[in-house]
Amino acid sequence: MLRACGGAAPAAMPALVRARLARPASSTAYAAATASSSALEELAAGRKGLARVVLKKGKTQIFRDGSPMVFSGAVDRIIGRPPPKTGDVVLVADGTEKPIGWGLYNSVSMFCVRLMQLEEEAKRDPTCALNMERLLEARILSAVDLRRSLGLPSVHTNAYRLINSEGDRLSGLIVDIFADVAVIASSAAWVEKYRQEIQFLVNKVSNVNHIKWRSSADILKEEGLDISEQKEPEPSSHSGTVKVMENDIIYLVSLEGQKTGFYADQRESRHFISTLSKGQRVLDICCYSGGFALNAAKGGASNVIGIDSSASALDLANNNIFLNNLDTQRISFVKEDSTAFMKGAISRNEVWDLVILDPPKLAPRKKVLQSASGMYRSLNALAMQVVKTGGLLMTCSCSGAMTQSGLFLRTIQGAASMAGRKVTVLRQAGAACDHPIDPAYPEGQYLSNYLLRVT
């Protein structure tokens with residue numbers, strides 16, 4: 001059972017975690033914090049060796065407004081001897097050295113500090129101030145409450161995102177729940193530091209019996225952490241595959257697969273496809289484990305074909321056919337390169353009523369956005385040519401650089417010109433509601449999904 005800030009920590013926990021969670025600020029500091037004009041200043045007085053990261057003039061407001069990522073270029077100086085180490089709690093201050101918040105320091109990353117709490121929040125409730133363990137518990141509890149208010153989990157769906165990094169104000173931490181397995185994806189040095197606490201708290205979430213920890217090695221290297229040099233981590237309590245349910249459709253999820261193993265962000269769009277599919281011929285391009293295709297078949301499509309180049313993904317997809325008792329005469333999966341398949345279909349004058357195009361991330365960084373735009377344009381031009389006149393195309397991009405640039409719709413229009421077709425936007429969507437986005441950090445918005453009529 002998780003608790004809010006200020007409650008007693010459960011007894012049945014590792015001693016280190018219990019000691020950290022039980023560490024309060026003094027009652028004197030609490031009283032002073034609530035009365036003082038600077039809560040963090042008062043609380044920091046009782047903390048020896050607490051460094052202060054002072055921002056450059058003109059760089060403060062964006063962080064007062066809630067942006068969680070303090071870039072090294074925004075920092076004027078660091079006050080503290082000895083200097084802070086990666087993972088240390090630090091104050092973040094304006095040019096007058098007055099604290100505006102606190103966060104976790106990184107001496108190597110381009111993100112010098114990940115802000116965790118602002119001064120105003122600490123003043124309202126100082127019980128979590130400068131205490132990462134208590135803050136973790138409060139934020140995870142808040143995330144659980146939010147998902148419950150969204151109806152997750154339910155008897156129809158037990159695959160969902162519990163923690164969405166900056167969207168749940170835990171930058172660098174993602175937790176997906178798959179039935180009774182929690183997959184924890186770490187992409188920040190502080191997450192690795194607090195691994196024991198995070199695992200303990202996530203394990204207290206209702207119905208979670210197993211933890212799978214997945215560290216993003218390449219991103220952590222940029223954080224100054226080479227996990228290959230660390231001692232062998234504790235083995236995960238679950239490996240292999242797990243069966244989950246999403247909108248009454250059963251999926252086999254590989255815990256060793258892409259990302260966390262399953263793309264819960266497309267849940268609402270997959271369900272929407274099921275409402276459009278009755279009596280339709282449907283083509284699912286880059287289908288992975290068959291999410292859109294399975295929804296189309298469940299929705300009454302007359303024929304569904306899924307295309308992917310990954311044999312392991314298609315093994316999952318074919319298993320999913322049988323798990324849902326679907327007719328193999330109506331739904332099938334083909335291992336083939338998506339471009340080659342569409343070119344072949346065009347040469348045969350083969351068209352479908354409804355086409356879904358959901359390629360992998362083609363623009364992982366802004367510097368490759370131009371070349372990625374060309375790839376998106378070419379793929380969409382081919383997809384439009386395999387849609388019957390008046391048919392529908394759902395096209396997606398999971399590249400944050402593309403979504404944030406605002407270029408995806410322009411790229412789609414360029415594809416239509418290339419294909420000699422005309423498109424009309426019928427629906428625009430992003431990630432499902434269990435993937436919250438902090439408006440102070442728009443970089444968290446990555447998924448674009450457009451439903452188009454093609455004529």
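**Close-up views of a predicted chain**

**View 1. The buried residues of helix H8 are Arg-195, Glu-197, Ile-198, Gln-199, Phe-200, Leu-201 and Val-202.** Buried stands for under 20% relative accessible area, exposed for over 50%, and partly exposed for values in between (1.4 Å probe, protein chains only). H8 spans residues 195-203 and is mostly covered, with 7 of its 9 residues buried. Helices (H or I, at least four residues) and strands (E, at least two) are DSSP runs numbered from the N terminus. The model is predicted: local features need pLDDT of at least 70, side-chain atom pairs count only at pLDDT 80 or more, and totals for chains, interfaces and linings use all residues. Residues are numbered from 1 along each chain as its sequence is written, and side-chain values use heavy atoms, with hydrogens and water left out.

**View 2. The whole chain gives the setting for the other views.** The chain holds 16 helices and 19 strands, and 53% of its 455 residues count as buried. Its accessible surface comes to about 19,800 Å², of which carbon and sulfur atoms contribute 51%; such areas come from the Shrake-Rupley method with a 1.4 Å probe, and for residues only the protein chains shown count as cover. Among contacts (heavy atoms within 4.5 Å) with a separation of 6 or more, 65% join residues 24 or more positions apart.

**View 3. Helix H10 packs against helix H11.** Two packed helices are described by the angle between their axes and the distance between the axes. H10 (residues 267-276) and H11 (residues 291-298) have axes 7 Å apart, at an angle of about 35°. Axes are lines fitted to C-alpha atoms, for helices over the stretch in contact, and angles run from 0 to 180 degrees between N-to-C directions. H10 passes H11 in a right-handed crossing; a crossing is right-handed if the near helix is turned clockwise from the far one by less than a right angle, and left-handed if anticlockwise. From H10, the contact draws on Ser-269, Arg-270, His-271, Ile-273 and Ser-274, and from H11 on Gly-291, Phe-292, Asn-295 and Ala-296. By class, this contact has 3 nonpolar, 5 polar and 1 charged residues. Ala, Val, Leu, Ile, Met, Phe, Trp, Tyr, Cys and Pro count as nonpolar, Asp, Glu, Lys and Arg as charged, and the others, Gly among them, as polar.

**View 4. Helix H13 crosses helix H14.** The axes of H13 (residues 338-347) and H14 come within 9 Å and cross at roughly 35°, and the crossing is left-handed. Ser-338, Thr-339, Met-342, Lys-343 and Ile-346 of H13 meet Leu-379, Leu-382, Ala-383 and Gln-385 of H14. The residues of this contact divide into 5 nonpolar, 3 polar and 1 charged.

**View 5. Tyr-376 and Phe-408 form an aromatic pair.** Rings of Phe, Tyr and Trp (its six-membered ring) pair if their centres lie within 6.5 Å; planes under 30 degrees apart count as stacked, over 60 as edge-to-face and the rest as tilted. The whole structure has 8 aromatic pairs. The ring centres of Tyr-376 and Phe-408 lie 5.7 Å apart with planes at 75°, so the pair is edge-to-face. Tyr-376 belongs to H14 (residues 369-385) and Phe-408 to H16 (residues 408-419), so the pair ties together parts 32 residues apart in sequence. Both Tyr-376 and Phe-408 are buried.

**View 6. Arg-421 lies in the loop between H16 and strand S18 (423-429).** Arg-421 is buried, with a relative accessible area of 17%. Not counting residues up to four places away in sequence, Arg-421 touches residues including Met-384, Lys-388 and Val-454.
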